[in-house]
Amino acid sequence: MGMDSLGITDLEDRDTPFPTLSTSNFSSLFANKHIPFTDKTVNSYNIKYLKCGGNHTLILLENGILIGAGELRELRNDYIINDGWCLLNYKIHEFIKTELNGLVDILTIESISTCWDSTFIEIKNLEKNIIQIFSFGQQCKMELGRPESNSKFNVISSDIDCVASELHSCLYTTIAVFRYVDNSTVLYGWGFNNKQQLFETQNKSDKFIQSPKIVKQFLNNPNVEFRLGKDFLIILNYKENSLICLGNPKLKTEVEQKNFSLNKISKVIVMWSSLHFLYENESLVSLGNGQLGQLSLNNSHLGPVKFLEAGSEHTIYTSVNEPFIVSSWGWGEHGNCGKLDKNKSNINDQQIFTQPNEILNLQKNEFNNYNKIQNLYGGCASTFILITKE
Amino acid sequence: MSTFYDEIEIDDMSFDEETKTFHYPCPCGDRFEIYIDDLYFAFDDLEKADGELPADELSNIATCPSCSLQILCIGELQDVIDIYEKMDIPLPA
């Protein structure tokens with residue numbers, strides 16, 4: 001794995017949490033700086049999104065500040081926050097200033113996503129409610145949504161009155177969701193379509209969607225959500241109580257056989273090749289590839305869940321009853337599920353966690369009085385834990 | 001790992017002309033890789049065995065340099081020969 005995607009500059013795996021970034025000094029660090037794409041009305045340095053590509057990690061703060069670590073390609077600049085992390089807003093502005101639909105002062109970074117070797121940024125025009133999506137990095141399966149040689153970085157723009165939007169990427173595929181004031185939802189997709197996760201293919205060239213195309217439109221339906229795995233797309237249509245899986249035929253069959261009712265499902269999370277359904281009664285149903293322990297807790301009762309998130313092939317979990325503990329199960333070869341169980345004789349068994357393994361217990365290990373688990377994030381064999389002071 | 005993480009068509013893998021290697025993303029953040037000559041001989045062996053070999057004799061396997069996961073590469077010998085021809089390099093002896 002690319003260790004510098006953890007924001008740590010040495011190349012050692014970590015099986016115990018290690019401080020990588022603190023936002024505690026950000027208000028003074030960024031004070032009086034005119035940083036493009038920040039929302040001046042939002043005075044929050046809280047993390048809005050943390051997304052991981054193959055070898056890079058992006059963190060978007062609620063005020064629009066975007067920082068990154070690892071292989072950032074053309075976005076890396078000389079505005080260094082610490083050894084591992086740097087601010088990206090200036091560099092992004094430098095690249096896209098000629099393509100912007102509005103004055104910079106009314107534009108903010110709204111959302112982000114990461115493919116394997118590329119990055120997507122959503123810029124929102126706060127006055128007109130228009131979203132513009134830009135892509136950066138490298139591609140090998142058309143995942144940038146535009147020609148790599150193109151001097152323009154814009155991939156797609158929404159119509160006006162786009163009240164909400166989302167970006168999801170996995171491996172070489174990206175979807176963008178635009179939700180409009182008239183309650184319509186439009187789903188666009190581009191990149192790798194190898195298992196027909198976006199569109200049915202007629203011939204080999206249909207495997208690559210070179211620019212955004214409408215995958216689905218939902219009129220008068222804002223209650224539809226989407227999840228993207230490495231070769232599948234899950235559509236959760238709450239209005240019609242239907243769950244559709246596109247792509248990976250084996251997973252598609254499994255989903256169809258289960259005949260899910262969304263009314264009782266409180267959360268759906270996806271790994272690269274499998275997914276979890278958390279029910280309101282706190283039981284977990286898991287589907288897909290389970291050879292690395294990903295499905296070990298299938299049909300088990302988790303109890304009240306505070307956080308449940310997924311990395312590439314592992315799950316991270318904190319319960320309501322023990323909100324100071326982070327546990328993980330699934331594939332943990334690089335320490336992302338915590339310390340390997342050396343009592344097991346077989347190395348392969350050590351790397352596969354079939355039960356939640358404690359990664360962090362803030363009652364035992366406090367980090368400078370930071371005593372509250374605020375959120376969890378998963379990446380490629382990596383786990384990020386956000387802790388705060390109570 | 002004793003079993004394959006996934007089975008990937010070589011069409012879906014990327015080919016690096018400089019290193020003459022097929023590769024595909026690994027969930028650890030590195031890449032599975034297999035050298036073109038190794039894949040050529042692996043598919044050649046498979047073809048000679050009418051497409052069926054015991055699992056422990058398969059060598060159309062791409063490995064990840066950073067972890068223990070492996071993928072099985074799926075395709076035809078001719079697919080690999082096409083790459084040699086496209087690159088204008090001789091087939092391995």
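This is a predicted model: local features need pLDDT of at least 70, side-chain atom pairs count only at pLDDT 80 or more; totals for chains, interfaces and linings use all residues.
Start with the layout of chain A. The chain is divided into domain 1, residues 1-260, and domain 2, residues 264-390. The centres of the two domains of chain A, taken over C-alpha atoms, are separated by 23 Å. Contact between them involves 25 residues of domain 1 of chain A and 27 residues of domain 2 of chain A. Several elements build the side of domain 1 of chain A that touches domain 2 of chain A. Strand 1 (47-52), strand 13 (224-228), strand 14 (232-237) and helix 3 (249-258) of chain A each supply at least two residues to it.

Strand 14 and strand 15 of chain A run antiparallel and are joined by six bridges. Within this pairing, Ile235(A) has Ile244(A) in strand 15 of chain A as its bridge partner.

Now look at the interior. In soluble globular proteins, nonpolar side chains tend to be buried together. The largest nonpolar core here has 85 residues. Which of its residues touch the most other members? They are Leu66(A), Ile67(A), Ile175(A), Leu233(A) and Ile234(A). This core draws at least three residues from each of domain 1 and domain 2 of chain A. Take Ile234(A) as an example. Leaving aside its neighbours within four places in sequence, Ile234(A) is in contact with Phe226(A), Arg227(A), Leu243(A), Cys245(A), Val268(A), Val270(A) and Leu275(A). A second, separate core has 24 residues, among them Tyr5(B), Ala62(B), Cys64(B) and Cys67(B).

Strand 10 covers residues 173-180 and runs antiparallel to strand 11, with seven bridges joining the two strands of chain A. Thr173(A) has Gly191(A) in strand 11 of chain A as its bridge partner. Strand 10 and strand 11 of chain A form a hairpin, with four residues between them. In the turn, Asn183(A) has a positive phi of about 75 degrees. On to strand 12, residues 208-218 of chain A: strand 11 of chain A pairs with it in the antiparallel sense over seven bridges. Here Phe192(A) stands opposite Phe208(A) in strand 12 of chain A. Is strand 11 of chain A, residues 185-192, mostly covered or mostly uncovered? Mostly covered: seven of its eight residues are buried.

Past strand 12 comes a loop. Asn220(A) has its place there, between strand 12 and strand 13 of chain A. Asn220(A) has a positive phi of about 50 degrees although it is not a glycine. Asn220(A) counts as exposed, because it has 9 C-beta neighbours inside 10 Å.

Another sheet of chain A is made of four strands. This open sheet has the order 5-6-7-8, with antiparallel pairing. Its edge strands are strand 5 (107-114) and strand 8 (154-157) of chain A, each pairing on one side only. On average, neighbouring strands of this sheet are turned by 20 degrees against each other, direction ignored. Strand 5 and strand 6 (residues 118-125) of chain A pair over seven bridges. In that pair, Thr114(A) stands opposite Thr119(A) in strand 6 of chain A.

Turn to chain B. Its secondary structure comes to two helices and six strands. Along the sequence, the pattern of chain B is β-β-β-β-α-β-β-α. The radius of gyration of chain B is 13 Å, close to the 12 Å that the globule rule gives for 93 residues, so chain B is as compact as a globular protein of that length. The C-alpha trace of chain B spans about 35 × 30 × 20 Å along its principal axes. Of its 93 residues, 31% count as buried. Among contacts in chain B between residues at least 6 apart in sequence, 58% join residues at least 24 apart.

Finish after helix 2 (77-87) of chain B, in the segment that holds Asp88(B). Phi of Asp88(B) is near 60 degrees, a positive value in a residue other than glycine. Asp88(B) is exposed, with 6 other C-beta atoms within 10 Å.

Methods: Residues are numbered from 1 along each chain as its sequence is written. Chains are lettered from A and ligands numbered from 1 in the order in which they are written. Two strands pair if DSSP finds at least two bridges between them. Axes are lines fitted to C-alpha atoms, for helices over the stretch in contact, and angles run from 0 to 180 degrees between N-to-C directions. The radius of gyration is taken over C-alpha atoms; the globule rule is 2.2 Å times the number of residues to the power 0.38. A residue is buried if 20 or more other C-beta atoms lie within 10 Å of its own, exposed if 12 or fewer, and partly exposed in between; C-beta atoms are placed from the backbone. Two residues are in contact if their C-beta atoms, placed from the backbone, lie within 7 Å. A nonpolar core is a set of buried Ala, Val, Leu, Ile, Met, Phe, Trp, Tyr and Cys residues joined through C-beta atoms within 7 Å. Domain bounds come from an automatic or database domain assignment.
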